[in-house]
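This report is a first walk through the structure shown below. It begins with the terms and then takes the elements in turn.

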Amino acid sequence: MEKDNLAVSAELLCKKYQMGEAEVEVLKNVNLSVAAGEFVAICGPSGAGKTTLLNIISGIDRPTSGKIVVFGEDLADKDEDFLAEFRCNDVGFVFQAYNLVSTLTVAENVAFPMEWQRKPVKEIEARVAELLDIVGLQHRANHFPAQLSGGEQQRVAFARALANDPQLLLADEPTGNLDTANGQKIIQILRMLKAKGKTVIVATHDVQIIQFADQKLVLEDGQLASQNE
Amino acid sequence: MSETFFPVNDLLRRKFQTSLTIITLTLSVTATLFLLLYSERLGFGIAAVKEETLTYGLSMVFSQFLIFMDILILVVGAVITAFIVFLMMKQRTRDFGLIKAAGCPNSLVFGYFLNELLIVTFVGCVLGVVLGFAADFVVANVFRLQIYQKPPNLWLVPLVFGVFLVLALFLGAKPLVKAAKLSPITALSPVQYFGMDEASKFKPLSRSGIILRLSSRSLSRRQAASVRIVILLSAVFVLLTVSICGGIVAGDTTRSWVEGAIGKDVIAIAHDSMVTQYKLLLSKFSRTVENGDFNYLDEKFAVPESILQQLNTAPEIVHIDARLVLEEHVRELSGYKIEPETMSTLPVGDNRTGQSLVVGVDPEKVLSTSFMKGYALNLSDVQEAVIGDTLAQAMYSPTPRIDLSDPLLQKLIVREKIFTITGVCVDPINNGNVTYIPLKTLQNVTGISYVNIVLVKLASSVDRVAALAQLREKIQNINSDFAVFELNAVLQENVAFLGSFWSTILFLPLFTLASAALCLIGYMLLAIDEQRQEFAILRAVGAKPKTVTSILAVQSLVVLLSSCAVGVSLGVITTLMILMPQPVVTSFTILEVAGWLFGALGGMFLLSLYPAVKFARTPLLKIMA
């Protein structure tokens with residue numbers, strides 16, 4: 001894989017947490033390379049370190065040791081303000097628990113990452129409408145998250161993650177909490193993103209998602225057990 | 001699950017929330033008890049001196065202030081308590097639903113949470129009472145204020161403990177009863193906490209716009225809590241305004257009364273002993289002094305005609321107020337009042353007697369201008385009198401035996417002559433136990449043709465020191481027993497005494513401010529705790545730490561400004577229209593009050609930012625966890 005074409009690269013990535021007296025090593029010397037436009041599925045049992053790996057790639061968390069470079073930026077030595085801008089502009093994150101802002105409506109939840117960027121109002125309105133159309137929730141634009149089902153909230157989370165048209169989309173168990181019908185809608189969105197050539201890294205157990213991934217990584221006990229192109 | 005252990009374990013599991021609630025409740029009880037003990041001792045201080053010093057009218061102004069402050073302190077404490085327990089129990093609605101959904105009977109869940117409420121309020125109240133008492137003890141021993149020479153009123157301890165415990169239990173149980181009535185599914189619904197089901201049409205905003213929107217939404221989502229904190233801080237600002245504005249305005253007003261009654265730059269000319277006695281009479285306002293057996297009727301005190309002529313012809317003197325000062329036995333004469341509805345006649349007052357300083361003044365030449373109820377003497381040969389407020393209280397106030405008494409409806413007898421009382425004045429001379437009568441009338445009644453003291457004022461254009469020296473020389477040349485004294489020193493002594501009272505009262509806003517700031521910090525901590533997840537999301541999606549600080553700052557500012565607007569308006573109205581008759585408000589007073597209030601507002605705002613800044617610096621993952 002050419003270095004210029006790399007979206008994400010991790011070298012000897014380690015992450016340890018202090019849990020009371022005990023030290024828990026969540027990631028152990030993980031090496032990873034994701035090319036731009038690649039669709040990667042990370043699977044593995046619960047507690048294997050999938051969410052931690054996504055958190056480190058997105059700049060939400062920092063590695064204890066090792067190197068994490070995303071679009072040429074070494075995230076380990078960046079300050080909070082840089083990481084905030086990075087998360088706003090370059091990365092879209094779909095959380096397992098949706099994490100919508102309860103005080104904002106669906107449309108506002110989708111709009112606010114663009115509002116951070118001070119985009120023109122008309123552009124934001126058009127983009128919100130476009131994204132809600134993609135996830136099929138235009139009729140829910142003025143509802144609050146508390147009024148939506150889990151599947152609908154997950155679709156809003158996808159729309160928000162795509163708001164600033166990020167180069168990289170990270171999704172943590174996007175279909176894990178959903179029924180089949182809603183799960184299918186999410187898979188359709190993921191397929192669409194792949195078709196558009198977005199770099200996508202998904203932590204998932206969903207066989208359908210794993211099947212159409214370009215790269216499949218298996219995390220077990222904090223280590224990459226296998227890589228399957 | 002044991003009914004006894006579950007509440008304890010649950011409280012221990014939620015360490016942060018539990019300790020925050022207990023700390024805020026403790027602070028509320030501590031501040032209330034301390035402030036009540038403080039103002040009660042202040043009341044004691046005034047009560048202790050008012051028999052001998054500080055005229056009745058002025059001690060009434062202080063008492064009125066203290067009573068109002070005490071009421072406000074209790075109200076503020078009660079509102080804080082209501083706010084804390086409401087927040088604590090409202091946050092448990094979801095838990096209530098969860099436990100019910102798991103199959104626990106309603107009464108048992110209710111019992112669990114009631115026990116939690118009981119534990120928290122009991123611990124908070126006990127700690128608050130102990131700390132409040134300790135704070136009082138520390139202040140008494142560290143500052144050694146004059147008022148602290150009196151013992152604390154121990155009855156306030158069980159009173160505050162009881163009132164707050166009952167209040168907290170009652171108000172805390174309210175949201176619990178409400179939660180108990182909800183079905184598990186309703187109790188679990190997020191709408192219970194977010195309280196949002198409608199929104200206006202989507203309209204994108206600027207970055208500052210979204211900060212305002214998030215702030216206002218969070219405040220309105222926590223509507224009940226927001227309204228309560230605004231009410232709480234409004235009460236605090238009323239208390240603050242009444243004590244600051246009241247303290248300053250009342251201080252200025254009462255000082256102007258005393259200055260007006262004694263007169264500024266007034267010079268007394270009389271026999272040496274008479275001047276000493278006159279100064280002593282003026283000093284009775286600020287310190288306990290005995291009159292002694294002073295014989296005002298001694299003819300040696302008569303101001304010689306030659307001195308009066310000298311004064312009348314002196315070009316540097318612009319004002320001469322010749323007076324006859326005596327001490328007389330005076331008697332109240334009862335009056336009648338016609339009941340407008342029944343047209344029946346009601347007796348007013350009785351026939352009480354007493355000793356009073358009687359001062360004969362020429363109404364047209366009198367130097368002083370006292371604060372007055374009724375009107376001042378204006379004719380020189382009528383049988384009218386103006387009495388001092390202390391005399392009015394001693395001889396003309398209703399008692400258990402006398403239902404109706406009003407000096408302005410009654411009369412006064414001096415040497416068997418009846419005088420119509422036209423006004424009641426606040427006057428420091430003889431500490432308000434004084435009767436002013438037209439000079440000519442008093443001379444006619446007593447048969448004394450002379451005056452025994454002359455008050456004069458020099459022209460402002462003259463060299464005061466030189467003019468005084470010249471005047472002294474002239475008087476000494478006429479009669480060496482006569483002296484010239486400036487009364488400014490006595491005036492300053494009285495004004496300083498009054499100032500010391502008001503400055504003691506001004507301690508109250510500092511304590512109030514401190515407790516209000518702590519409550520605001522408590523509110524901010526609770527607000528942060530409640531919005532923790534939201535802030536984590538915002539930061540995870542690209543908001544910078546300073547954005548989180550801005551959102552919290554806006555929330556704090558909205559709460560503070562709304563409370564300030566309500567509280568300051570009510571406080572000013574209360575001070576100027578209810579507590580202080582004819583207030584003296586200068587532009588400097590307004591600036592002084594505004595400065596204090598802005599300082600308080602700014603200080604509270606900055607303090608409230610502390611938890612916000614601290615939270616914004618917390619690593620994102622720690623918040624998300």
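## Terms and basis

Two strands are said to pair if DSSP finds at least two bridges between them. Helices (H or I, at least four residues) and strands (E, at least two) are DSSP runs, numbered from the N terminus.

This is a predicted model, in which local features need pLDDT of at least 70 and side-chain atom pairs count only at pLDDT 80 or more, while totals for chains, interfaces and linings use all residues. Residues are numbered from 1 along each chain as its sequence is written, and chains are lettered from A and ligands numbered from 1 in the order in which they are written.

## The two chains in outline

Chain A has seven helices and 10 strands. Of its 229 residues, 50% count as buried. A residue is buried if 20 or more other C-beta atoms lie within 10 Å of its own, exposed if 12 or fewer, and partly exposed in between, with C-beta atoms placed from the backbone. Two residues are in contact if their C-beta atoms, placed in that way, lie within 7 Å. Among the contacts in chain A with a separation of 6 or more, 69% are accounted for by residues 24 or more positions apart.

Chain B holds 20 helices and 12 strands. Buried residues make up 45% of its 625 residues. For contacts in chain B with a separation of 6 or more, residues 24 or more positions apart account for 87%.

## The sheet and hairpin of chain A

In chain A, strand β1 (residues 6-19) and strand β2 (residues 22-35) pair in the antiparallel sense over 10 bridges. Two of the residue pairs can be named: A:Y17 has A:V24 in β2(A) as its bridge partner, and A:K16 has A:E25 in β2(A). The hairpin of β1(A) and β2(A) has two residues between the strands, and there A:G20 takes a positive phi near 70 degrees.

## A covered strand in chain B

Which residues of β7(B) lie on each side of the strand? B:E384, B:V386 and B:G388 are on one side and B:A385 and B:I387 on the other, and all are buried, which leaves both faces covered. In β7 (residues 384-388) of chain B, five of five residues are buried.

Strand β7(B) has two partners described here. With strand β9 (residues 417-426) of chain B it runs parallel, joined by five bridges, and B:E384 stands opposite B:T420 in β9(B). With strand β10 (residues 434-438) of chain B it runs antiparallel, joined by two bridges, and B:V386 stands opposite B:Y436 in β10(B).

## Helix pairs

Axes are lines fitted to C-alpha atoms, for helices over the stretch in contact, and angles run from 0 to 180 degrees between N-to-C directions. Angles under 35 degrees count as roughly parallel, over 145 as roughly antiparallel, 65 to 115 as roughly perpendicular and the rest as oblique. A crossing is left-handed if the near helix is turned anticlockwise from the far one by less than a right angle, and right-handed if clockwise.

In chain A, the axes of helix α3 (residues 106-116) and helix α5 (residues 150-161) come within 8 Å and cross at roughly 25 degrees, so α3(A) is roughly parallel to α5(A). The contact involves A:V106, A:N109, A:V110 and A:P113 of α3(A) with A:V156, A:A159 and A:R160 of α5(A). The crossing of α3(A) and α5(A) is right-handed.

In chain B, the axes of helix α12 (residues 305-313) and helix α15 (residues 464-478) come within 10 Å and cross at roughly 155 degrees. The two helices α12(B) and α15(B) are therefore roughly antiparallel, and their crossing is right-handed. Here B:S306, B:I307 and B:Q310 in α12(B) meet B:K474, B:I475 and B:I478 in α15(B).

## The largest nonpolar core

A nonpolar core is a set of buried Ala, Val, Leu, Ile, Met, Phe, Trp, Tyr and Cys residues joined through C-beta atoms within 7 Å. The largest has 234 residues, of which A:V110, B:L233, B:L239 and B:A270 touch the most other members. Helix α10 (residues 223-262) of chain B supplies the largest share of this core, 20 residues.
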